[in-house]
Amino acid sequence: MMSSLPRRIIKETQRLTNEPVPGINAVPDEQNARYFHVDVMGPSESPFEGGTFKLELFLPEDYPMAPPKVRFMTKIYHPNIDKLGRICLDILKDKWSPALQIRTVLLSIQALLSAPNPDDPLANDVAEQWKVNESHAIETAKAWTRLYAMKS
Amino acid sequence: MEQQIEQLLTCPVCLDRYKKPKILPCQHTFCQEPCLQQLADPVRRKVKCPECRAVHNIPPKGISGFPNNITILKFLDLPADATFSSGSETCQVCRRITAISKCFHCPKRLCETCRKAHTSQLKTDIGHQTSQLWRELPKLSEAVNLVEKTATHIKQSGEMVKLDIKSSIDQNIRKLREREQILLNEVDLFLQSELRLLKVKQENLEVEVASIASHCDSAESRISQASPSGVAVTDAELLSLHKQGKEYLVQLQNTTIDAAVDDCKTIKFTLQNSQTLHSNIATLGELSSSAFIINANTVNPNSVNSSSNPPPRNPRLSLSNEAFRGLPVVEMFRTSSQLRTSPSVVRQSPSVTGSVSPQQASPRPNPVHPNSNSNSNSNTVGRVSHISTVGRTEQNRARPGNSSLEFTSYEVPLDDLVSDFSHVQRRSPTSAFYRSKGLIQTKFGSKGSDLGHFTWPRGVAVSPENYIIVADSSNHRVQVFTPSGQLVRVFGSYGTGEGEFDCLAGVTVNSQGWIVTADRYNHRVQIFDSNGRFIRQFGQEGSRDGQLSYPWGVATDRMGFIYVCDKDNHRVQVFRLDGAFVRKFGRLGNGNGQFENPHYIAVARDNRVIVSDSSNHRIQVFDKYGRFLLKFGSEGSGNGQFKYPRGVAVDQEGHIIVGDSGNNRLQLFRQDGSFLCAFGSWGSGDGEVKGLEGVALTSRGNVVVSDRENHRIQIF
């Protein structure tokens with residue numbers, strides 16, 4: 001074990017296992033306790049409904065003082081998520097606080113799926129589409145969800 | 001309820017029970033250390049509340065200047081057993097108050113569930129470890145295999161080396177015995193002639209004795225005859241008797257006993273330079289060990305150097321001469337051959353056939369260094385030289401050596417001593433061109449496995465663009481060079497797959513520029529295009545038609561047929577370009593059309609097939625259907641003799657060049673097998689070779705030679 005895992009991480013992991021967040025499944029990696037495999041269900045009433053999106057979450061050395069690093073592994077059509085899966089979310093950057101936890105981060109991400117914010121975009125062309133032709137964008141998002149986020 | 005209270009007593013940063021809770025002006029509470037401490041910005045002396053993000057100034061005292069949250073402290077101070085009974089501790093992981101047991105491998109005190117999780121974690125770890133170990137284990141078994149293989153190989157190669165040593169020492173012993181025999185024969189000859197002389201002398205003397213005795217008798221009887229009967233002795237008779245007697249007297253007085261054997265010679269044997277000879281013998285041959293690369297399969301019968309060591313200097317036989325009677329003294333120089341043959345050997349004058357004749361009193365000045373000899377045999381080169389007259393005044397003592405004698409000598413080979421010295425060489429235009437060979441034009445390469453280096457280069461071939469293609473055998477690759485030695489391309493690596501080799505031996509180029517290689521230890525032929533791209537392969541180990549056993553040399557004819565020296569099957573097989581078997585000829589033996597370890601092969605323009613029949617020390621020539629045409633060569637070191645001939649090549653006119661590997665030289669022959677010339681010698685200098693392998697010809701008539709033990713290519 002590397003310089004023994006901070007209590008907080010152990011506690012959070014415990015809690016995630018014992019009291020999972022609904023619609024979210026976070027499992028620590030077998031070989032690296034700071035690395036989590038996350039599954040987020042597409043929130044209902046959103047174009048991502050029905051899909052299961054894989055994310056990876058990593059707790060850096062100075063967590064909780066530094067925010068966790070989160071990335072989408074499943075392709076998703078969303079104005080705040082680029083083609084590499086990077087997420088534009090304030091609490092993952094400047095608005096991070098040690099009072100936040102893994103569960104809160106993941107919940108926020110789920111909320112972001114429900115409410116895309118094309119005015120603060122990461123993926124420009126997608127945001128463009130969302131603003132210009134929202135319904136078409138939503139259709140595309142649904143299509144992508146079907147294609148990538150649903151196991152056939 | 002308990003849990004909710006517990007939650008209120010938990011710091012949101014470390015998620016643990018508060019330790020020294022400090023309350024911020026925004027009323028949020030955090031542990032002083034490390035939580036609040038880490039949140040403090042010492043530069044600007046501000047701290048941002050994690051909960052509400054309010055920014056506060058840090059008091060002058062620092063973080064500890066913030067007030068304590070007394071309420072929480074009071075809650076924390078409540079005795080644990082009071083609020084939460086059962087008197088047991090909290091599990092160190094889940095902080096629940098349940099039955100605690102100690103983990104058996106670390107000092108944690110955990111509740112039942114946590115301990116189970118902890119143990120199962122351990123189990124998972126062990127599972128991972130085991131699977132990893134299983135994955136890595138084959139490496140060890142492979143290593144074991146490798147070690148075993150190496151052991152067998154080393155044993156094998158050791159055995160081979162021993163055989164080499166034995167055979168080479170045997171050779172030398174044989175030579176010594178031959179020498180002994182020759183010397184003994186000479187002594188006999190000498191004795192014969194001396195004894196004859198002596199006998200003649202003896203007879204003469206006896207006759208003289210008899211005649212003088214009879215004269216005395218008659219003289220006495222004559223003078224004693226006085227009166228009685230008989231004829232009166234006349235005065236004249238008396239006078240003649242007197243005269244006769246006087247003559248005899250003078251003669252007798254003048255002869256001394258010793259003079260009778262004045263001009264007799266004795267023979268003496270000295271072994272010159274016995275010290276060096278002995279030390280040579282003591283240090284004969286060398287064994288060199290190098291890193292054994294198992295996959296290289298470098299078991300090579302010629303890897304021990306002793307076979308290519310120069311033979312020991314033969315002893316000199318010197319005759320000490322007491323007197324010189326006008327007969328040429330046989331001053332024999334048995335020089336060790338091969339050692340100092342200069343590359344420009346071929347420029348010798350044609351040797352003269354002749355016999356020793358006593359009349360030649362004037363020595364023809366032809367200063368020849370006694371050590372240089374052309375077309376030397378390893379056995380003997382005999383020279384008869386005239387010794388300038390050593391007069392009668394010479395002492396009878398034996399001459400210790402002959403180096404003090406000065407002489408001008410000319411070579412007159414003695415038939416009974418020298419085998420084949422006396423061909424009169426006819427001249428022809430190309431012969432003159434070949435005769436001038438012996439000096440190298442280029443050489444390149446040295447030992448190594450980098451680009452441009454070789455490890456035991458074997459076959460060589462010349463492409464239609466005059467590139468030189470080398471089978472870099474123990475690097476398991478083919479290298480292509482320009483005629484000046486610049487590397488053009490390399491391909492191949494060790495292995496059994498396509499484009500991989502295992503000690504490839506022969507290489508040749510067909511009219512399209514395709515490169516055909518004999519992949520020796522893989523018992524197959526592989527064909528590549530001129531860029532080195534794999535085209536096809538055929539052949540597998542075995543002795544049936546189409547199967548190969550250590551194929552060595554390859555050659556192609558203009559029709560595209562591929563001829564392969566199937567060495568260990570002692571035959572030649574012919575294939576089509578697509579790999580289909582066409583025919584085979586030859587089997588083990590030493591008769592016509594039979595082979596023993598055929599090494600290299602070449603096909604002439606007229607489709608005659610020339611094979612170096614190595615262990616039979618000869619070259620055989622066949623027509624394209626495999627019918628025997630002619631053969632030439634026998635074991636030995638004279639002109640037209642071979643010792644384990646290897647590379648062969650043939651030029652446009654049909655001249656055959658043979659890499660005479662055991663004699664470390666190249667020999668050239670005409671189409672009919674008659675000897676033309678030879679050049680090359682043992683060594684590592686220019687024009688010297690150690691372990692001749694493949695031979696090839698460029699379009700301009702340069703001879704490309706693979707100099708195996710020097711790990712280089714030389715072009716003459």
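The legends below describe several close-up views of a predicted two-chain model.

Residues are numbered from 1 along each chain as its sequence is written, and chains are lettered from A in the order in which they are written. Since the model is predicted, local features are described at pLDDT of at least 70 and side-chain atom pairs at pLDDT 80 or more, while totals for chains, interfaces and linings use all residues.

**View 1. The largest nonpolar core and the surroundings of V564(B).** The largest nonpolar core has 75 residues, where such a core is a set of buried Ala, Val, Leu, Ile, Met, Phe, Trp, Tyr and Cys residues joined through C-beta atoms within 7 Å. A residue is called buried if 20 or more other C-beta atoms lie within 10 Å of its own, exposed if 12 or fewer, and partly exposed in between, with C-beta atoms placed from the backbone. The residues with the most contacts inside this core include I469(B), V554(B) and V564(B); two residues are in contact if their C-beta atoms, placed from the backbone, lie within 7 Å. Leaving aside neighbours within four places in sequence, the contacts of V564(B) include A518(B), L548(B), V554(B) and F575(B). A second, separate core of 43 residues includes A26(A) and F53(A) from chain A, together with F30(B) and V47(B) from chain B. In soluble globular proteins, nonpolar side chains tend to be buried together.

**View 2. The annotated residue C88(A).** The UniProt annotation "active site", from an unreviewed entry, covers C88(A); such positions are given in the numbering used here, feature names are shortened, and annotations may be inferred rather than shown by experiment. C88(A) is found in the loop between β4 (69-72) and α2 (102-114) of chain A, where helices (H or I, at least four residues) and strands (E, at least two) are DSSP runs numbered from the N terminus. C88(A) is partly exposed because 18 other C-beta atoms lie within 10 Å.

View 3. S114(A) belongs to helix α2 of chain A, and although S114(A) and S44(A) are 70 residues apart in sequence, their C-alpha atoms are 7.8 Å apart in space. Beyond its neighbours within four places in sequence, S114(A) is in contact with P43(A) and S46(A). With 14 other C-beta atoms within 10 Å, S114(A) is partly exposed.

**View 4. Two cis peptide bonds.** In chain A, a cis peptide bond joins Y63(A) and P64(A), with omega about 10°, and P64(A) is found in the loop between β3 (52-58) and β4. In chain B, the peptide bond from E33(B) to P34(B) is cis, with omega near 0°, and P34(B) is placed in helix α2 (residues 32-39).

**View 5. Positive phi values at N466(B) and H617(B).** N466(B), a residue other than glycine, has a positive phi near 65° and lies in the loop between β9 (457-462) and β10 (468-472) of chain B. H617(B), also not a glycine, has a positive phi near 55° and sits in the loop between β24 (609-613) and β25 (618-622) of chain B. N466(B) is partly exposed because 13 other C-beta atoms lie within 10 Å, whereas H617(B) is buried because 21 lie within 10 Å.

View 6. The mean pLDDT of chain B is 77, pLDDT being the predictor's confidence in each residue, from 0 to 100. Over residues 295-429 of chain B the pLDDT stays under 50. Where pLDDT is low, the predicted coordinates should not be read in detail.
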